[in-house]
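Here are my notes on the model, as numbered points. Please read them with the structure open.

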Amino acid sequence: MVGPETPPEFSHPVKFGELGSRPYEAALEADEAERTALAARFDCLSLDTLTADLEAVREGDVVRVTGGLAAKGTQACIATGDPVPFAIDEPIELLFVPVPKGGDPEEEVELAEDELDSLFHDGRTVDLGEAAAQSFGLALDPYPRSEGAAEALAEAGVIGEDEVEPKGALSGLKAMLEGKGKG
């Protein structure tokens, strides 16, 4: 996690004063050192490419960022550790909002389902690179699986969701929901 004491691996700050109602365009591409650091941060075996094409528009004290992110690399399979390739091509749509007065920028904020993801800004800069990095982290598969994952998990005694049988008070619920039970 990047915090105040740790500079972001892929920092591309834009001064708040440079942003206006016209889109500020940024084409970002992570270099080898940035990709290596991001791969370590997000627990990837490799990050071969990471690019983002973004537009930022200031709306009062809020900055709306839209665009897209592309990345390729490999993650470790959760069961075998084998490399699992990924190719990400994701839209980005988020808001930079001011740090709440008297608030902690690390504090979690609850968003309604229709609200955009939000990052905080300090009123001086917004970091488009960090926005791309966090979007990349969210786009990664949290449970990458190689071709041998199912077999390895079965050998370890891990059962799949389709193999779970309800127990106790819930044992008849599945049949009732499928219209097989008494009702």
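1. Surface first. The accessible surface of the protein comes to about 12,000 Å². Carbon and sulfur atoms hold 51% of that surface. Keep in mind that this is a predicted model.

2. The protein has 183 residues, and buried ones make up 32% of them. Take the contacts with a separation of 6 or more: residues 24 or more positions apart account for 63% of these.

3. Fold order. The protein contains four helices and seven strands. Read from the N terminus, the elements run β-β-α-β-β-β-β-β-α-α-α.

4. The core. Nonpolar side chains tend to be buried together in soluble globular proteins. Here the largest nonpolar core has 33 residues. Which of its residues touch the most other members? They are L50, F96, L128 and F136. Two or more residues each come from β2 (24–29), α1, β3 (44–59), β4 (62–76), β5 (83–98) and α2. Strand β3 gives the largest share, six residues.

5. L50 in detail. Set aside residues up to four places away in sequence. L50 then touches F10, L28, E29, A30, R35, L38, L69, A70, A71 and F136. F136, one of these partners, is also among the core residues that touch the most other members.

6. A39. This residue sits in helix α1, which spans residues 32–41. Is A39 buried or exposed? It counts as buried because its relative accessibility is 7%, and the cut-off for buried is under 20%. Beyond its neighbours within four places in sequence, A39 is in contact with C44, S46 and L47. A39 and E9 are 30 residues apart in sequence. Their C-alpha atoms are 9.9 Å apart in space.

7. S135. Its place is in helix α2, residues 128–139. Why does S135 count as buried? Its relative accessibility is 17%, so it falls under the 20% cut-off. The side chain of S135 reaches the backbone oxygen of A131, at 2.9 Å.

8. To recap for your own check in the viewer. Look at L50, F96, L128 and F136 for the core. Look at A39 for a buried position in α1. Look at S135 for the side-chain reach to the backbone oxygen of A131.

Note on methods. Residues are numbered from 1 along each chain as its sequence is written. This is a predicted model: local features need pLDDT of at least 70, side-chain atom pairs count only at pLDDT 80 or more; totals for chains, interfaces and linings use all residues. Side-chain values use heavy atoms; hydrogens and water are left out. Buried means under 20% relative accessible area, exposed over 50%, partly exposed in between (1.4 Å probe, protein chains only). A polar contact is a pair of N or O atoms within 3.5 Å; within protein, one must be able to donate a hydrogen and the other to accept it, and residues adjacent in sequence count only if both atoms are side-chain atoms. Contact means heavy atoms within 4.5 Å. Accessible areas come from the Shrake-Rupley method with a 1.4 Å probe; for residues, only the protein chains shown count as cover. A nonpolar core is a set of buried Ala, Val, Leu, Ile, Met, Phe, Trp, Tyr and Cys residues joined through side-chain atoms within 4.5 Å.
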